[in-house]
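User: I have a structure that I would like to go through with you. Could you help me read it?

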Amino acid sequence: MAKNWKFVKQKDMMFEKAFGRDHYWHYHPEIIEKADSYMVKVVVPEGAGHDFHVHPKMHEILYILKGRAEQWIEDEKQFLEAGDSVYIDADVVHATFNAGEGELEFLAVLSPPEGWEEGTLDVSDREPYASYRSKEK
């Protein structure tokens with residue numbers, strides 16, 4: 001069985017602007033075939049975030065590089081700072097918002113690749129998720 005590996009230099013990352021966030025893909029299906037996981041650095045502007053969503057067939061690890069994240073997992077909220085992380089199993093609703101000044105930067109590792117086709121489903125308009133943050137204001 002052939003071994004699969006790939007170096008990705010900063011200049012070779014795949015850039016994607018999605019939903020007001022910058023995504024710097026280190027490992028993505030278009031960059032490395034047959035990888036067991038994907039990794040992206042996400043940059044979230046002040047006051048923005050990735051609203052409540054779910055990856056039906058992929059788990060995710062988030063690692064905070066810079067800034068302060070308001071991290072939701074289902075109905076639980078915690079604040080994460082640089083060096084903190086969270087593991088999120090597949091089909092678990094979660095959301096990440098920039099809760100600090102300046103940009104929030106984090107790494108997201110997604111796996112397994114077989115779940116890629118199921119994608120990311122936005123559930124921010126569904127209850128109870130649609131009300132979680134509005135209750136706090």
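User: What does lysine 17 count as, buried or exposed?

Analyst: Lysine 17 counts as exposed, because its relative accessibility is 58%. Please keep in mind that this is a predicted model.

User: Which side chain does lysine 17 meet in a salt bridge?

Analyst: The partner is aspartate 22, and the N to O distance in this salt bridge is 2.8 Å.

User: And aspartate 22, is that one buried or exposed?

Analyst: Aspartate 22 counts as buried, since its relative accessibility is 16% and the limit for buried is under 20%. The salt bridge between aspartate 22 and lysine 17 therefore joins a residue that counts as buried to one that counts as exposed.

User: How many salt bridges turn up in the whole structure?

Analyst: A search of the whole structure gives 6 salt bridges.

User: Which residue pairs with lysine 41?

Analyst: Lysine 41 forms a salt bridge with glutamate 105, and their closest N and O atoms are 3.9 Å apart. Lysine 41 belongs to strand 3 (residues 38–44) and glutamate 105 to strand 10 (residues 104–111), so this pair ties together parts that lie 64 residues apart in sequence.

User: How accessible are those two?

Analyst: Glutamate 105 counts as buried at 15% relative accessibility. Lysine 41, at 23%, counts as partly exposed.

User: What about lysine 66, where does it come in?

Analyst: Lysine 66 also forms a salt bridge with glutamate 105, with the closest N and O atoms 3.8 Å apart. This pair links distant parts of the chain as well: lysine 66 is in strand 5 (residues 59–66) and glutamate 105 is in strand 10, 39 residues apart. Lysine 66 counts as partly exposed, because its relative accessibility is 40%.

User: Changing topic: which residues gather in the patch of negative charge?

Analyst: The patch lies on the surface and is formed by Glu74, Asp75, Glu76, Asp89 and Asp91.

User: Where is glutamate 74?

Analyst: Glutamate 74 sits in the loop between strand 6 (68–73) and strand 7 (76–81). Its relative accessible area is 30%, so glutamate 74 is partly exposed.

User: Another loop, please. Where is aspartate 36?

Analyst: Aspartate 36 is placed in the loop between strand 2 (21–27) and strand 3. With a relative accessible area of 61%, aspartate 36 is exposed.

User: How far is aspartate 36 from glutamate 117?

Analyst: In sequence the two are 81 residues apart, while in space their C-alpha atoms are 14 Å apart.

User: Now the overall picture. What is the secondary structure of the chain?

Analyst: The protein chain has 1 helix and 11 strands. Starting from the N terminus, the order of the elements is β-β-β-β-β-β-β-β-β-β-β-α.

User: How compact is the chain?

Analyst: The protein chain is as compact as a globular protein of 137 residues, because its radius of gyration of 15 Å is close to the 14 Å from the globule rule. Along the principal axes, the C-alpha atoms fill a box of roughly 55 × 30 × 25 Å.

User: How much of the chain counts as buried?

Analyst: Of the 137 residues, 39% count as buried. Among the buried residues are aspartate 22 and glutamate 105.

How values were computed:
Residues are numbered from 1 along each chain as its sequence is written. This is a predicted model: local features need pLDDT of at least 70, side-chain atom pairs count only at pLDDT 80 or more; totals for chains, interfaces and linings use all residues. Side-chain values use heavy atoms; hydrogens and water are left out. Patches are made of residues with over 30% relative accessible area and no salt bridge: like charges are joined within 9 Å, nonpolar side chains (Val, Leu, Ile, Met, Phe, Trp, Tyr) within 5 Å. Accessible areas come from the Shrake-Rupley method with a 1.4 Å probe; for residues, only the protein chains shown count as cover. A salt bridge is a side-chain nitrogen of Lys or Arg within 4 Å of a carboxyl oxygen of Asp or Glu. Lys and Arg count as positive and Asp and Glu as negative; His and the chain ends are not counted. The place of a charge is taken as NZ of Lys, CZ of Arg, CG of Asp or CD of Glu. Helices (H or I, at least four residues) and strands (E, at least two) are DSSP runs, numbered from the N terminus. Buried means under 20% relative accessible area, exposed over 50%, partly exposed in between (1.4 Å probe, protein chains only). The radius of gyration is taken over C-alpha atoms; the globule rule is 2.2 Å times the number of residues to the power 0.38.
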